[in-house]
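Visitor: Hi, could you walk me through this one? I'd like to start with what is packed inside and then jump around a bit.

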Amino acid sequence: MCSSKSSCDLLTSRSRGSCANDTGRLLGANLKILRNIILQDGAEFTKVWSKTSKSLISYESGRIYFDNYRCCYSSLLPEPEQLYELPKAPKTEKIEDALLCQCPLDKVLPNASDQKSCLLVLTAHNWLYRLSADTGKTLQRVYLSSQFKFRSLGWDSSQETFYVKSVQSKQTTLERQAGVDNSILMRVAVFQVFPLELVGMLEINKKVFGKTAVDVLLSQGVLAVSHSSKHVRLYSFEYIVNKFRNEELALGQQSELKGIVGEAPYGIPVNIHIHECPPVLFEMSYFEDGVQIGGHPWHYIYTPNHKRHRGTHHICSITDGALAKNGVQDMKCDSLEADWIFFHPDDSGRIVHAGPSTINVLKIMAETGCDWKNEIVTDFSITAARDSRAPQVIVTSSGRAVKRRFQLLDDDPAQETFRMVKYEDELDLLAVVDITQTEDEGQAHLRLHDNKTGVLMKRVPLKELWDVTYSHEVYFDRDTIIHTVQEKNNSYCCHVYKMKRRSSDEP
């Protein structure tokens, strides 16, 4: 068994071949070794590379994207190296959005190109490209439409099904003058990956979903339609496909509806005609920030649509809408920045509730003596360092005692403040960014906490100053830290740190 916590024991087990009969077990053992090495005192993170850009910088799974996804660098090497650079394109063909697809490990596909990781790219002139993630070579392209402008990509089920969403359709002046009622809000095309296959194209019609419908998204097989009245309705996408799809379409094949599917100028015709409202799975009103669904058992998080509930998060059972015991989470933050809450991405069913000075990891538990009711309990908390010595009574130069009128804010610049919480799934660590202001400069640290207990395992200083008036992103991926910074001249910079072992003779 490769269950020892010592790196030496893990390496010895691996050399004996006790993990070699299962690729997954071997990878897990290797990651345990890497985790142990990273958390050692002699392991340090050193900045090895920096690069500036005039546009936003993106990072995902060992790849850094510059110039609106045109230029790609690998961060897996000791220093990042360029993988490819796409030819320059006119503004009318610029990249609008992209998704990275990791190669499938559970099945063998007929075409070798389908087996490798790819980048799905949506362009301004309505083409969906499938590019090699390593070379940028075009593997496949699909034309979407000559009528609707498509703008964004999103995962329905990660690495399995994705959707392409058009911009919202607005009634033109000519249509209004002619009395034409344009009730189509937008179009949505849904695809499967590995290999790339079309599920269908559907229209979101206000006559079907309601005049107040303003947006739509697809997640985990659920079509969520949000309304201007701040409520959301959820529908089964499987039900919609089974009931309203009138023709199955294949990319590159002749369609009975209109031309060759996915080729210009025809694009993809609507083959899912929703002519009546599907059954509503779930409906609710919210104050702001929408609704999140997750946990074990299934719960949802929202803020009720009333000003008295502002700043609170309500955790309710999706089965009957019942509020869990201790289900109202309120940090009562005195801060400029609001707290944030989300379901933990580690599939434990827990909830992360983070504020400027506290991070609570919560569990959904069966209420004592009542299996069908649930309560929210704190699994562990992480607290920022607070200086409680600030005097509440100040003595003036004349000797008069004056009581402080205001308490320090939770995100006071002079205090340690949390800015980000992310999960490194392969090492099972929580990566937390804290900021401390010294004079006019912000000093940032990346804290690594054990995901099961919350214990602080390591604290890594970042060399770049942290100006809170500009945007920052920090990514922790195995032995690499990536820090992207928006700079004062409206440009961006990417800084890459790598884990290195300190020599035994160094202090």
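Guide: Happy to. One cut-off first: a residue is called buried when its relative accessible area is under 20%, and exposed when it is over 50%. Keep in mind, too, that this is a predicted model.

Visitor: Now the inside. How many residues has the largest nonpolar core?

Guide: The largest nonpolar core has 26 residues, and Phe162, Val164, Phe191 and Ile268 have the most contacts inside it. Several strands each supply at least two residues of this core: β6 (95-101), β7 (118-123), β10 (150-157), β11 (161-166), β12 (184-192) and β13 (197-205).

Visitor: What is isoleucine 268 in contact with, leaving aside neighbours within four places in sequence?

Guide: Isoleucine 268 contacts Val142, Tyr143, Leu144, Phe191, Leu198, Met201, Leu249, Val261 and Gly262.

Visitor: Switching to sheets. What is the strand order in the open sheet of 4 strands?

Guide: The order is β1-β34-β33-β32, with antiparallel pairing. β1 (43-53) and β32 (472-477) are the edge strands, each pairing on one side only. On average, neighbouring strands of this sheet are turned by 15° against each other, with direction ignored.

Visitor: How many bridges are there between β33 and β34?

Guide: Strand β33 (residues 480-486) and strand β34 (residues 492-501) pair over 7 bridges in the antiparallel sense. For a specific position, isoleucine 482 has valine 496 in β34 as its bridge partner.

Visitor: New topic: cysteines. How many disulfides are found in the whole structure?

Guide: The search finds 0 disulfides.

Visitor: Last stop, aromatics. How many aromatic pairs does the count come to?

Guide: The count is 14 aromatic pairs. In one of them, the ring centres of phenylalanine 66 and tyrosine 73 are 5.5 Å apart and the planes are at 80°, so the pair is edge-to-face. Phenylalanine 66 is buried at 2% relative accessible area, and tyrosine 73 is buried at 11% relative accessibility.

Visitor: Which residues do ring pairs link into a cluster there?

Guide: Trp49, Phe66 and Tyr73.

Visitor: And what about phenylalanine 282 and tyrosine 300?

Guide: Phenylalanine 282 and tyrosine 300 form an edge-to-face pair, with 4.7 Å centre to centre and 65° between the planes. The pair links distant parts of the chain, with phenylalanine 282 in strand β17 and tyrosine 300 in strand β19 (residues 299-302), 18 residues apart. Both phenylalanine 282 and tyrosine 300 are buried.

Conventions
Residues are numbered from 1 along each chain as its sequence is written. This is a predicted model: local features need pLDDT of at least 70, side-chain atom pairs count only at pLDDT 80 or more; totals for chains, interfaces and linings use all residues. Side-chain values use heavy atoms; hydrogens and water are left out. A nonpolar core is a set of buried Ala, Val, Leu, Ile, Met, Phe, Trp, Tyr and Cys residues joined through side-chain atoms within 4.5 Å. Buried means under 20% relative accessible area, exposed over 50%, partly exposed in between (1.4 Å probe, protein chains only). Contact means heavy atoms within 4.5 Å. Two strands pair if DSSP finds at least two bridges between them. Axes are lines fitted to C-alpha atoms, for helices over the stretch in contact, and angles run from 0 to 180 degrees between N-to-C directions. A disulfide is a pair of cysteine sulfur atoms within 2.5 Å. Rings of Phe, Tyr and Trp (its six-membered ring) pair if their centres lie within 6.5 Å; planes under 30 degrees apart count as stacked, over 60 as edge-to-face and the rest as tilted.
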